[in-house]
Amino acid sequence: AGLDKLGENSEGAIIIRTMNSTMLSLIEKCNPTSVFCALIALYQVHTQTKNQSKLPELVAKCILKLAKVLDSLMPVLDIGKILLYIHKYLSSIKNTGSKTDGTSANDVGTRIVKTIICEIVKKKEEKFWEYYKAIEEQPIKDTNIKRWATLMLKSLTSV
């Protein structure tokens with residue numbers, strides 16, 4: 001039985017609501033760069049295990065909620081650091097994908113990080129490449145971020 005079934009008077013459900021509220025408060029008060037990086041790393045770890053827990057789904061939802069407010073967080077984010085975590089994530093799934101570029105068409109994580117990249121590019125435009133330099137220095141070469149950013153920049157300039 002799950003935690004929500006604990007107790008005779010729905011104590012488990014109360015505990016879960018309290019934990020959810022506490023976690024949301026914690027995420028709101030922490031450094032947004034650290035939260036993004038921690039969630040990406042957590043998603044990476046838990047999608048590589050064969051455990052079919054709901055944690056990756058929950059982490060994905062948290063990342064997407066942060067991505068929705070990315071524009072307002074942009075001034076305080078360390079974009080370079082977030083790009084490095086995205087690069088690490090994409091590098092870790094490279095050998096597990098089915099497409100030739102190393103990513104699976106159905107990979108939720110890939111779609112999430114692609115969304116983040118696109119939002120950063122929309123906001124930073126050509127300045128994006130200054131943040132991207134850290135990825136170029138990595139031993140594992142990028143096969144996706146540069147391509148996605150280039151396509152996004154082309155679509156922005158053609159409007």
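Colleague: At what angle do helix 7 and helix 8 pack, and how far apart are their axes?

Modeller: A word on the source comes before the reply. This is a predicted model, in which local features need pLDDT of at least 70, side-chain atom pairs count only at pLDDT 80 or more, and totals for chains, interfaces and linings use all residues. Residues are numbered from 1 along each chain as its sequence is written, and side-chain values use heavy atoms, with hydrogens and water left out. Helices (H or I, at least four residues) are DSSP runs numbered from the N terminus. Axes are lines fitted to C-alpha atoms over the stretch in contact, and angles run from 0 to 180 degrees between N-to-C directions. Here helix 7 (residues 128-136) and helix 8 (residues 145-157) pack at about 165°, with axes 11 Å apart. Helix 7 is therefore roughly antiparallel to helix 8 (angles over 145 degrees count as roughly antiparallel, under 35 as roughly parallel).

Colleague: Which residues make this contact?

Modeller: Contact means heavy atoms within 4.5 Å. Helix 7 contributes Phe-128, Trp-129, Tyr-132, Ile-135 and Glu-136, while helix 8 contributes Ile-145, Lys-146, Ala-149, Thr-150 and Leu-153. These divide into seven nonpolar, one polar and two charged (Ala, Val, Leu, Ile, Met, Phe, Trp, Tyr, Cys and Pro count as nonpolar, Asp, Glu, Lys and Arg as charged, and the others, Gly among them, as polar).

Colleague: Is Leu-153 buried or exposed?

Modeller: Buried means under 20% relative accessible area, exposed over 50%, and partly exposed in between, with a 1.4 Å probe and protein chains only. Leu-153 has 8% relative accessibility and so counts as buried. Leaving aside residues up to four places away in sequence, Leu-153 touches Val-121, Glu-125, Glu-126 and Trp-129. Leu-153 and Glu-126 lie 27 residues apart in sequence, yet 7.5 Å apart in space, C-alpha to C-alpha.

Colleague: At roughly what angle do the axes of helix 3 and helix 6 cross?

Modeller: The axes of helix 3 (residues 55-68) and helix 6 (residues 108-124) cross at roughly 15° and come within 10 Å. The two helices are therefore roughly parallel to each other. Their contact joins Ala-60, Ile-63, Leu-64 and Ala-67 of helix 3 to Val-108, Ile-112 and Ile-116 of helix 6. The residues of this contact are seven nonpolar, no polar and no charged.

Colleague: How many disulfides does the structure hold?

Modeller: A disulfide is a pair of cysteine sulfur atoms within 2.5 Å. The structure holds zero disulfides. Cys-37 is buried, at 3% relative accessible area, whereas Cys-62 is partly exposed, at 23%.

Note on methods. Parallel < 35°, antiparallel > 145°, perpendicular 65-115°, else oblique.
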